[in-house]
Amino acid sequence: MKYTVLGRSGISVSRISMGTHHLNDPADMDKHVQNFLYAYKKGINFFETSVTYGEGYSELILGEAVKEMKKGEHPFFIMSKTHAGDHETFRRDLENSLKRLGVDSIDAFTCLWGVKSGVEWSGAKAYGALKEMERAREEGLIKHIAISAHMKNQELEPIVKEYPFDYSVQGFNVVNSAYRADGLKATWESGAGTIAMNPLATGDILKYSHIFDAIRIREDQSLVQAAYSYVLSTPWVHSVLGTFNSKEQIDEALSVLEEAPYSEAELKKVQTCLKGRIRSTSLKERIDTGKGLRQRPYILREEAADLMEVYPLSV
C-alpha cells in the first residue's frame with residue numbers, strides 16, 4: 001500500500017480511501033463490515049461517512065468495523081458529516097456520530113458538506129456553522145477542519161486561500177477535470193490535503209461505458225482502473241475516495257497502485273481519446289448523455305455540456 005501525508009493535517013493516509021455513500025443493500029450490515037475490515041487489512045486507512053449515508057446504516061456499519069480496527073497494527077482515520085449549522089443540532093449529530101462510530105474523537109466532522117458555491121461558504125461563516133467545528137476542535141471532539149465540496153475552479157480557489165483547512169474532499173474525475181483541476185491545485189498549494197471523490201462520476205462513467213471506454217489507454221486496463229489511474233495521476237491529489245461493495249471492487253481499485261502513474265503525456269492522451277470518441281457520436285447521443293450526467297447533483301450543467309460539446313441549456 002502507498003501512503004501520503006495529507007497536507008497540514010500531518011496524518012499519513014492511503015492513496016486509496018473508502019467511502020460509504022453508495023452502499024448496496026446497507027441493511028446487510030455484516031457484509032459491509034467485512035468489506036471495511038478487508039479494506040483495512042489491505043492497508044486502506046481513511047474512511048468517509050455521514051449521518052445519513054446508507055439509509056442511516058453507514059456509521060453503524062463503520063462503527064462495527066472500528067471495533068476490530070482498533071485491534072489492528074496501523075492507525076485509521078474517519079471523517080463524517082452533517083448539514084447542521086446551528087449549535088444544538090450540530091452538537092447532537094456529532095455526539096450521536098461519536099457513539100455510532102465507537103470513538104471519543106473523530107478525525108473530522110464537517111458541516112461544510114457538498115459545498116457548491118462561494119455563497120454557501122459565506123453563509124457558513126456568517127451564520128456560525130464554521131464556528132461550530134472550531135469549537136468542537138477546541139474541545140477535542142474533532143481533530144481537523146475539513147470541507148467537502150463540488151466546486152469549479154473559480155469558486156474553490158479563493159475559499160482555500162482564505163481559510164486554512166486541514167484537508168478538502170472535492171469531487172473530481174475525468175468528466176469535470178477541466179473545471180476543477182485548478183481548484184485542486186490551489187488547495188494543494190494552500191497546504192491543505194486533497195482527497196478526490198467520485199472517481200467514477202457516481203457510476204456514470206460505467207453507465208456510459210460506450211463513451212468513456214475511450215479513457216482506457218493502457219493494455220488490459222479495466223474502465224474502473226482507467227478512471228482511478230487518471231485521478232491518482234493528477235499531481236494535486238493525495239488520495240482518491242471510492243465506495244466499494246465487494247472485496248473484488250476493493251482489489252480492482254488497489255491494483256492501480258501497482259502500476260506507474262500516468263505521465264503528463266498520458267494524462268493528455270486520456271482527454272484526447274475521450275474527446276475523439278465524443279465527437280464521433282451523434283449530436284442526439286451527446287445531448288442525451290449530457291442530460292444523464294447532469295442528473296447527478298455532483299456534475300454541474302456547464303461541466304456536462306462542455307464535455308459533450310453541446311448547448312448548455314439542452315442538457
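## Basis of the description

Because the model is predicted, local features need pLDDT of at least 70 and side-chain atom pairs count only at pLDDT 80 or more, while totals for chains, interfaces and linings use all residues. Residues are numbered from 1 along each chain as its sequence is written, and side-chain values use heavy atoms, with hydrogens and water left out.

## The sheet

Nine strands make up an open sheet with parallel pairing, in the order 7-6-5-4-3-11-10-9-8. Strands are DSSP runs (E, at least two residues), as are helices (H or I, at least four residues), and both are numbered from the N terminus. Two strands pair if DSSP finds at least two bridges between them. At the edges lie strand 7 (142-144) and strand 8 (146-149), each of which pairs on one side only. From one strand to the next, the twist averages 30°. Strand 6 and strand 7 run parallel and are joined by two bridges; isoleucine 106 stands opposite isoleucine 142 in strand 7. Helix 5 (residues 129-138) packs on the sheet, where it touches strand 6, strand 7 and strand 8, and its direction makes about 110° with that of strand 7. Such angles run from 0 to 180 degrees between N-to-C directions, with axes fitted to C-alpha atoms, for helices over the stretch in contact.

Strand 11 (residues 239-243) is largely enclosed by the rest of the structure, because four of its five residues are buried. Buried means under 20% relative accessible area, exposed over 50%, and partly exposed in between (1.4 Å probe, protein chains only). Strand 11 pairs in the parallel sense with strand 3 (residues 16-19) over four bridges, and threonine 243 is the bridge partner of glycine 19. Three bridges join strand 11 to strand 10 (residues 193-197), again in parallel; here valine 240 is the partner of alanine 196.

## The nonpolar cores

A nonpolar core is a set of buried Ala, Val, Leu, Ile, Met, Phe, Trp, Tyr and Cys residues joined through side-chain atoms within 4.5 Å. The largest core has 93 residues, of which Phe47 and Phe212 touch the most other members. Helix 10 (residues 223-233) supplies the largest share, eight residues.

Apart from residues up to four places away in sequence, the contacts (heavy atoms within 4.5 Å) of phenylalanine 212 include Val174, Ile205, Leu223 and Leu307. A second, separate core of 13 residues includes Phe77, Ala108, Ile195 and Met197.

## Aromatic pairs

The structure holds nine aromatic pairs. Rings of Phe, Tyr and Trp (its six-membered ring) pair if their centres lie within 6.5 Å; planes under 30 degrees apart count as stacked, over 60 as edge-to-face and the rest as tilted. The rings of tyrosine 53 and tryptophan 113 have centres 5.6 Å apart and planes at 80°, so this pair is edge-to-face. Tyrosine 53 is buried, with a relative accessible area of 8%, and tryptophan 113 is buried at 13%.

Tyrosine 163 and phenylalanine 165 form a tilted pair, with 4.9 Å from centre to centre and 55° between the planes.

## Serine 177

Serine 177 belongs to helix 7 (residues 177-190) and is buried, with a relative accessible area of 6%. Its side chain makes a polar contact of 3.0 Å with that of tyrosine 230. A polar contact is a pair of N or O atoms within 3.5 Å; within protein, one must be able to donate a hydrogen and the other to accept it, and residues adjacent in sequence count only if both atoms are side-chain atoms.
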